[in-house]
Amino acid sequence: MTQPSVDSAATFRAVLNLEVKNGYANRAVIGGLDKYVARWVSQCLPGHDFFMSCPQLKTLLLGASYAEMSIHERNKWVGSVLQELKKPKTGPPATGSLDSPVADIRGVGQAIATRLTKLGIVSIRDLLYFFPRRFLDFSQRRTVSSLETGKEQTVFVDVWEARQVMLGRMKSTEAVLGDATGNVRAVWFNQPWLARQLKVNAKVALSGRVGEFNYVKVFENPEWEVVDDKELLHTGRLVPVYPLTGGLFPKSVRAIVRNALDGYLCSLPEFLPPPVRQRCGLMDLKDAVMQAHYPLDHASQNKARQRLAFDELFLLQLGVLSRKRDWQEQQPGRGFQIERKDINGFIGALPFKLTSAQDRVIDEICRDLGRDLPMSRLLQGDVGSGKTVVATVALLAAVTNGCQGALMAPTEILAEQHFSTLHRLLSAISDESSRESNIYTFKDIMRRDIRVALLTGSLAAREKSRTHGLIKSGEVDIVVGTHALVQKGVNFAGLGLAVIDEQHRFGVLQRSALKQKGYNPHLLVMTATPIPRTLALTLFGDLDISTIDEMPAGRQAIKTRWLKLEDRRRAYNFIRKQAREGRQSFIICPLIEESESLEVKAAVAEHKRLSGEVFPDLKLGLLHGRMKSADKEAVMHAFKDGALDILVSTSVVEVGIDVPNATVMLVEAADRFGLSQLHQFRGRVGRGESQSYCMLMSENPSEYGQERLRAIEELTDGFALAEKDLELRGPGEFFGTRQSGLPDLKMARLSDTKLLEMARREAVILFEKDPGLIAVENELLAREYNRIWHKSVENN
């Protein structure tokens, strides 16, 4: 337990000794001890954990009044605080380290430790960082006579009577309690044992919502605890509410966390360098952790969250900056000789004109490729903005410099689409092309022949083995594939450029594995998920960012409508009309976040209903996440080839399938999806020449859901929608960090723009001075950094 500083403790002790000398008359300081204590606590920031764990001080801070105490109560209160101030400056830490198993904490046996593991809590440190998901505000202390119905309130009362009663068919407890201003009734349904625990004449704190029955105020199932010299945990304060799992209960978890704080918080090292804390005005780490669990008030809780969120973002930024340095400086890259004449010849031969955004991005990439440092760049652009053309320019630059290029996609159908697109683009500048199984050969492109191979898991063993051999010998120039590219047996003769599509679908280890297939190759990451700047800094801070923020001319806007339940028949008739005209449609089933298995069952049931009752004359396919990869690919191929009129799917269709003939996207329960996800669904249609439509069915959306649906109706720009989505969804929901190989964010919100930019600024300053974190003053920071990033790699 951290004590207040020597000076502040001495001043407070002198005030209390004067109060004793004055006979506890509350005249030791002007304004009385109540005001003095509140002011002293707020100004004396070091040692907040002392204030939180000193029950006598806590009594005043929670609303009790020294002025209202009797002389006897004042005597007892002052004596207890003086005793607390005499304790050593740092209380003895519990035995064991922060990395000791959670079972070492008082009150945690092996059974409870096993249950805590289900919540991700293995060590004592995990428990200290197991923060509440919300708080019950029981800090409003009232007298019985001033209680108001419908509000959360706290009373300190005496137990006059407690008995077991039958309420309906439930054995329950009823109690009558009171203070000097009146009595109040409390009932606890289905908890008959409380009648024995509530001892007559005991002083207890009751916290909860006050109701009224037969004109009598009553607490129903309130939190309660005996008022003694111990700190209140469950009443009379902001009470933490923790995530639970089977066999764990709110009171026991609070008590376990409190025991961990009392025994081990003093061992938690302050790893942020003092200059960083001072510049950013951040709370001390021990104070922040204590206030995050048991805050004095909402302001303290918010300051604690800011400090802990800053820590997460700061460590994250140090990590991504370190990644970039390692990628670029571990070994020199190979700068390409960029022949603009050849590039301009390729662009000029295309059957369409590039947008100015594509031209700008190609220039940025060519500049990077010409340097001796390996490129590390994120290319983001909306669906249909022309990212693959840009990637093709980069791949051609690699090939004309005697290197190989690789393009990795998350699914076989996406890989095949890229393979087909490359064939179409390269045919524009090749006099002749030929195909042998999974390999295209293009004659005389930029004064040489170019071979492009497709490598996926479903290739026959013989073809796969042959392709491996051609890649190893350097006879294949460009390889397009899935994760099969990073498996053992795939060895490149000279990989100079790795292009990764839909980065968020790959873990960091897969991305790293592809890079390691070459001698520090250039890296280009592509995504069709528009990412707001703040989020891009967080997730891809190790990458320079290029954005295609302009769509090709002539691309039709997709007509988007939010439909009510009564519009369903009209929507089905429209899908049927499109099918008669030879068009195809998607129907997306509702998202069920709690259970993928329930989501799959719902999709199977919906497919059966639509096939039998609504569209018995049409051909329907089904796609969901529990299908085998080969079955998924078969269904998507059947839809793409026109063998199906309608594809019924869960959200797995969000990225990947390109069907120019599909003109209708119908999303059921659209309010359950985020804006960016809805925009990705919409991007599955509108890829051909025909007008396309997106229909969003939503029966009874919340106000928040209505706002999303109105936004997707009105906005067609993916980046504007991404900003709106981030604004609406808040902490961590927009884009999961686990797949990207980054540490989890517990306290940081991705909408914390200012905090994120402050963390990045401080990380850059520190990184420029001490990139290896080897300075003595950064020793504790280096330990925390290594612990956090080592854990994130293990989890990915």
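This is a predicted model: local features need pLDDT of at least 70, side-chain atom pairs count only at pLDDT 80 or more; totals for chains, interfaces and linings use all residues.
Just after α15, G402 adopts a positive phi of about 80°.

Side chains of opposite charge can pair when their charged atoms come close. A search of the whole structure returned 32 salt bridges. One of these joins E174 and R185, with the closest N and O atoms 2.4 Å apart. Because E174 belongs to strand β3 (residues 170-179) and R185 to strand β4 (residues 182-188), the pair ties together parts that are 11 residues apart in sequence. E174 has a relative accessible area of 13% and is buried, whereas R185, at 22%, is partly exposed.

A salt bridge also links R576 and D617, with an N to O distance of 2.8 Å. This pair connects distant parts of the chain, 41 residues apart: R576 is in helix α20 (residues 568-580), and D617 is in the loop between α21 (596-614) and β20 (620-623). R576 is buried at 16% relative accessibility, while D617 is exposed at 53%.

Salt bridges that share partners join R360, E364, D368, R371, R377 and D549 into one network. Within this group, D368 and R371 meet at 2.9 Å, N to O. D368 is buried, with 5% relative accessibility, and R371 is partly exposed, with a relative accessible area of 44%.

Definitions and conventions
Residues are numbered from 1 along each chain as its sequence is written. Side-chain values use heavy atoms; hydrogens and water are left out. Helices (H or I, at least four residues) and strands (E, at least two) are DSSP runs, numbered from the N terminus. A salt bridge is a side-chain nitrogen of Lys or Arg within 4 Å of a carboxyl oxygen of Asp or Glu. Buried means under 20% relative accessible area, exposed over 50%, partly exposed in between (1.4 Å probe, protein chains only).
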